[in-house]
Every structure is written in structure tokens, then in C-alpha cells.
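Please look over the structure shown below.

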Amino acid sequence: MGVPQFEELLQRIEVVASGHSRVLLLGDFNAWHAAWGSRRSNTKGEELFQLATELGLEVLNLGREATFLGNGVARPSIVDVAFASEAISRSDLVGDPMRQWRTLQKYSYSDHVYLR
């Protein structure tokens, strides 16, 4: 998906998510940004980060562990991103390891890892 199509997708997400207090936004966005552990940012990452900020969403990704493995075709990267509104990602849940975002070390039959 090119940048213009990606921007259109983000506009649609904004229309649907605006005004809701409980929002989860997750996906394989193929977007890189330092806010979720990427070593560099790209245009899609900047656009996605701006949308998340405007919607008041917090990045749930922790650390710098790759979510896309590449399997020798491409470099591993962090392109699967999860965001949540504050009502969902409350700070009182941060200390609960069962509620924290993380990658799982279980084979997924894909070049992406399972996320929890």
C-alpha cells in the first residue's frame, strides 16, 4: 500500500475512532517509528504516530523486539503496532505482566510473531 492509500486508511480510522473513549488500534501497518521501537521512522510511521497522538492513543509496544522476522527475505522490523486509549491502557495495569504487550516465542507459521 502506497502512502496516499495509507493516508486514506488513516482518515477512515480517524472518522470511526473519534469521540470514542475506548479505542484499540492494532495492525501490521508496515510503518516505522521510534515511538514503538523502530531504529528509524518513515512517512507511514510519522502519519500513524500523528493519528495516534490526535486520538489520544498510547503505544502499547514495549522494547525493541521485532514483530516481523523477515525470514531471510527482508530485515526484521517492528511493523506490527498496538495502540489503546487511556481508558484501556490505564497506568494501574502497567504492573500486571499478564496485561502487558509482548511478543510470544511460539511458532506462528508466518513471518510475523504472535503478540499478546
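Predicted model: local features only at pLDDT ≥ 70, side-chain atom pairs only at ≥ 80, totals over all residues.

Residues are numbered from 1 along each chain as its sequence is written, and side-chain values use heavy atoms, with hydrogens and water left out.

Helices (H or I, at least four residues) and strands (E, at least two) are DSSP runs, numbered from the N terminus. Helix α2 covers residues 43-55, 13 residues in total, and its first and last C-alpha atoms are 18 Å apart, close to the 18 Å expected at 1.5 Å a residue; the expected span is 1.5 Å times one less than the number of residues. Buried means under 20% relative accessible area, with a 1.4 Å probe and protein chains only. In α2, K44, G45, L48, L51 and A52 are buried. Seen down the axis of α2, these residues fall within an arc of 130°, so they line one face of the helix; the arc is taken from the directions from the helix axis to the C-beta atoms. They pack against α1 (3-17), β1 (24-28), β2 and β3. Just after α2, G56 has a positive phi of about 75°.

| Residue | Relative accessible area | Contacts beyond four places in sequence |
|---|---|---|
| W101 | 10% | L60, N61, L62, T67, A82, L115 and R116 |
| S77 | 10% | W32, A66, T67 and F68 |

W101 is in the segment after β3 (80-85), and S77 is in the loop between β2 (57-59) and β3. The C-alpha atoms of W101 and L115 are separated by 7.1 Å, although the two residues are 14 residues apart along the chain.

How values were computed:
Buried < 20%, exposed > 50% of the residue type's maximum accessible area, 1.4 Å probe, protein only. Contact = heavy atoms within 4.5 Å.
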